[in-house]
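Hi,

Here is the model I promised to send over. Have a look at it first, and my notes follow below.

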Amino acid sequence: MCISKSVSAYEMLKNIAEKDRIGMVRGYAILSLGYIAVRIHKQSDLTKFLKNRLKTDKVEFTKTNIYTVLYSLGNRDYLACLLAAINSKGYHNRCEVVNSLSEVINDDNKEVILTALLERKKIETAGTVISKIDEVIEEIERRQEE
């Protein structure tokens with residue numbers, strides 16, 4: 001659905017992001033909303049919607065994706081929230097944060113993201129998260145060589 005340019009798809013995903021009982025479903029709906037909002041010029045609407053969702057959603061996976069989309073839409077303060085979430089208790093959540101960080105890397109934030117990943121790697125015990133961290137570090141290093 002993230003490739004859609006339809007207002008009806010956008011509204012349907014907003015409904016899922018708000019009402020689905022499964023946090024992972026809400027989180028993925030939110031990521032798709034981010035892509036669609038840019039295509040149909042609903043960034044302001046989505047920003048307001050997501051800030052309201054943050055007040056009520058308690059699922060870390062969902063909140064991670066809210067931070068990611070808000071940051072991608074230009075709300076720079078949410079990078080700090082995303083970086084803080086890298087220390088989540090659940091390794092699935094930490095892995096999602098690393099995935100999210102890989103999506104938002106740019107020239108302005110690559111150093112702070114690299115530092116956070118290197119710090120997390122020092123204490124990380126989950127092999128899946130370590131592997132993903134290594135992938136993102138390699139990506140950052142490749143970009144620096146270009």
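A quick word on terms: axes here are lines fitted to C-alpha atoms, for helices over the stretch in contact, and angles run from 0 to 180 degrees between N-to-C directions. Helices (H or I, at least four residues) and strands (E, at least two) are DSSP runs, numbered from the N terminus. This is a predicted model, in which local features need pLDDT of at least 70 and side-chain atom pairs count only at pLDDT 80 or more, while totals for chains, interfaces and linings use all residues. Residues are numbered from 1 along each chain as its sequence is written, and side-chain values use heavy atoms, with hydrogens and water left out.

Now the overall picture. The protein chain has 8 helices and 0 strands. Its C-alpha atoms fill a box of roughly 45 × 35 × 25 Å along the principal axes. The radius of gyration (over C-alpha atoms) is 15 Å, in agreement with the value near 15 Å for a compact globule of 146 residues; that rule is 2.2 Å times the number of residues to the power 0.38. Of the 146 residues, 47% count as buried (under 20% relative accessible area with a 1.4 Å probe, protein chains only; exposed is over 50%, partly exposed in between).

The axes of α2 (residues 23–39) and α4 (residues 60–72) come within 8 Å and cross at roughly 10°. The two helices are therefore roughly parallel to each other (angles under 35 degrees; over 145 is roughly antiparallel, 65 to 115 roughly perpendicular and the rest oblique). Residues in contact (heavy atoms within 4.5 Å) include Tyr28, Ile30 and Leu31 from α2, and Phe61, Ile66 and Val69 from α4.

Then there is α6 (residues 91–104), whose 14 residues reach 20 Å from first C-alpha to last, close to the 20 Å expected at 1.5 Å a residue; the expected span is 1.5 Å times one less than the number of residues. α6 is mostly covered, with 10 of its 14 residues buried. Among the buried ones are Arg94, Glu96, Val97 and Leu101. The buried residues of α6 pack against α2, α4, α5 (78–84), α7 (110–123) and α8 (127–145).

Which residues does serine 100 touch, leaving aside its neighbours within four places in sequence? Serine 100 lies in α6 and is buried, with a relative accessible area of 3%. Its contacts are Thr64, Asn65, Thr68 and Leu82. Asn65 and Thr68 also belong to the α4 side of the α2 contact.

Cheers
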